[in-house]
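User: I would like to learn how to read the features of a structure like this one, step by step. Could we go through them together?
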Amino acid sequence: FDRRDSALVLAHILFAFFALFLGGIAGVMQGLVRGGMLALPMGIGYYQLLTAHGVLMALIFTTYFIIGFLYAGVARTLGGRLLPIARNLGWLGFGLMTLGTAIATVEILLNRATVLYTFYAPLKASPAFYIALVFVVVGSWMSGFGIFINYRYWKKTHRGETTPIFTYMAVVTMLMWIIATLGVAIEVLFQLIPWSLGWVDTVNVVLSRTLFWYFGHPLVYFWLLPAYMCWYVVIPKVIGGKMFSDALARLSFIMFLLFSIPVGFHHQLMEPGISNVWKFVQVVLTFMVVIPSLMTAFSLFASFEMHGRSVGAKGLFGWLKKLPWKDVRFFAPFMGMLIFIPAGAGGLINASHELNAIVHNTLWVTGHFHLTVATSVALTFFGITYWLIPAMLGREMTPLMHRMGIIQTIVWMVGMFFMSGAMHTVGLLGSPRRTAFTTYQDSADAVGWMPYHVAMAIGGTILFIGVVMMIINIVMLLSAPKGETEFPIAEANEAAEKAPAIFERWGVWVGVLVVLILVAYSVPVMDIISNASVGSKGFKTW
Ligand code: HAS
């Protein structure tokens, strides 16, 4: 690896884990508060911590990690090093995002931005907080442009060749991200900043939430797709096999590009102001976006089984014994995959309109996203970190590292079992999400929830131990002995069909996506705007 590329990648990865550590401190404290086991000192508020936790974990840890990982893979698969312009854009992006993160964190700590990670109006933050978000988003665009430019250059100099799959997936991920963030950019620039500066008195709340979820749902796939890149491209190599089908993997990414965005209403199913017809349309599209995940599950099982049989596995599940259980590069992401089965099932429950009425705004939803992003995605990112850091530094992954990583993964699984298990259960009993400690004047229901809240706090404490272990592991990786670590990229199975050229006709896919977005959003957004202008004051201003 070119040292200049390694520096860029490492800057992103290490910053990501710094955010994870700070977010973890907030997380364990809020778990203990909610369990009635801790009173916060120095006037710190529960919602302040919850904002810090959500922003640092869900927005900052993920975005930095993803950009670092994508840059590393693009450099590795497009000729071994980045173009100088791509690298420079990567640094510009890093600088802007870091400036934004620093300002946002200060604003949250000063209690001037206690608006949670979804910053729903009418909760209002200081203008500086929203401007900081703009820096983070624009910074991430710079990195995206860097990847696109590097890809275009490679295409020009390799006419007729199929783009390496890692880079192909990186381009899809960043394309989806840029199209999705346009929604939140409009919300922040045209609604929240003018309102927070006092230039306008009112804000159209339904419109702002709609713009947020136009972005907020693809956001979760922005977290998921890099984990899928690891599952599709890295894991088959780590187990000593091949990708089941290169074309199938690319097709699933195209489907994510098309169906991730026009589905935001499934977060707003319980909201008035959006007609059921449009909710129905978006729920149908939500079930479309499940298909590429089912394709992924199929493809993973197929690569595991193909490899297992090629090394002599017998019977229906004999291949399981042939997997490298002592290799953390496999073990941590595999645990992520395993958890994604119940996590995805929970998503299908959420997306079903009638069932959503039971789970919406309860701790069930918090349980859902701790399985998806905080387990499936996070454990996959941890699994990548174990080889990515030494590969970048020209160091060796020692057997001790594998053992430490596997123990860390098990601690994470145990912590999440208690925390997310309790969240799912107590959510079904009706306990709301995003609420500080309260027994609602000792109501029988709320008192009955308390043992689950204590279990959540215990799980959260175990998870915090998991965060600390991860940080220790990173320090060990940074000081590992000099040597070589592989950047694993699998080859495709030759028997499978090749990817058709249309997969890289971006104009076609972006065109279809724009049509889908217009179908899903034009009429409801016009309704939302015209309803507000009729003068429904409570609607518009709160
Ligand atoms: Fe979700 C709420 C629906 C996936 C994250 N979701 C959230 C929130 C977050 C989040 C953060 O429809 C809360 C937002 C907030 O603050 O309000 N979600 C879905 C659906 C899916 C889904 C249909 N979510 C995710 C992923 C996330 C994520 C991925 C993060 C990374 N979600 C919802 C809905 C809500 C929601 C509603 C709103 C709820 C409300 O009322 O507020 C689907 O994409 C899931 C599809 C997944 C599968 C699983 C495939 C399994 C695979 C693993 C194979 C395993 C192997 C190993 C091979 C169908 C690929 C096997 C080995 C063996 C030995 C067996």
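User: Is Met306 buried, partly exposed or exposed, and what is its relative accessibility?

Analyst: Buried stands for under 20% relative accessible area, exposed for over 50%, and partly exposed for what lies in between, with a 1.4 Å probe and protein chains only. At 32% relative accessibility, Met306 therefore counts as partly exposed. Please keep in mind that this is a predicted model, in which local features need pLDDT of at least 70 and side-chain atom pairs count only at pLDDT 80 or more, while totals for chains, interfaces and linings use all residues. Residues are numbered from 1 along each chain as its sequence is written, and side-chain values use heavy atoms, with hydrogens and water left out.

User: Where does Met306 lie, and which residues does Met306 touch?

Analyst: Helices are DSSP runs of H or I with at least four residues, strands are runs of E with at least two, and both are numbered from the N terminus. Met306 lies in helix H8 (residues 276-310). A contact means heavy atoms within 4.5 Å, and, not counting residues up to four places away in sequence, Met306 touches Lys242, Met243, Phe244 and Asn493. Met243 is 63 residues from Met306 in sequence, yet their C-alpha atoms are 9.5 Å apart in space.

User: How many aromatic pairs are there, and how should I read one?

Analyst: A pair of aromatic rings is described by the distance of the centres and the angle of the planes. Rings of Phe, Tyr and Trp (its six-membered ring) pair if their centres lie within 6.5 Å, and planes under 30 degrees apart count as stacked, over 60 as edge-to-face and the rest as tilted. The count comes to 53 aromatic pairs. One of them is edge-to-face because the rings of Tyr232 and Phe253 have their planes at 65°, with the centres 6.3 Å apart. This pair links distant parts of the chain, with Tyr232 in helix H6 (residues 205-238) and Phe253 in helix H7 (residues 246-259), 21 residues apart. Both Tyr232 and Phe253 are buried. Trp325 and Phe334 also form an edge-to-face pair, with 5.2 Å from centre to centre and 90° between the planes. Of these two residues, Trp325 is partly exposed, with a relative accessible area of 32%, whereas Phe334 counts as buried at 10%.

User: Which residues have the most contacts inside the largest nonpolar core?

Analyst: A nonpolar core is a set of buried Ala, Val, Leu, Ile, Met, Phe, Trp, Tyr and Cys residues joined through side-chain atoms within 4.5 Å. The largest one has 189 residues, and those with the most contacts inside it are Phe119, Phe129, Tyr130, Phe304, Phe382 and Leu388. Helix H6 gives the most to this core, with 24 residues. Phe382 also belongs to a cluster linked by ring pairs, whose members include Phe17, Phe61 and Trp412.
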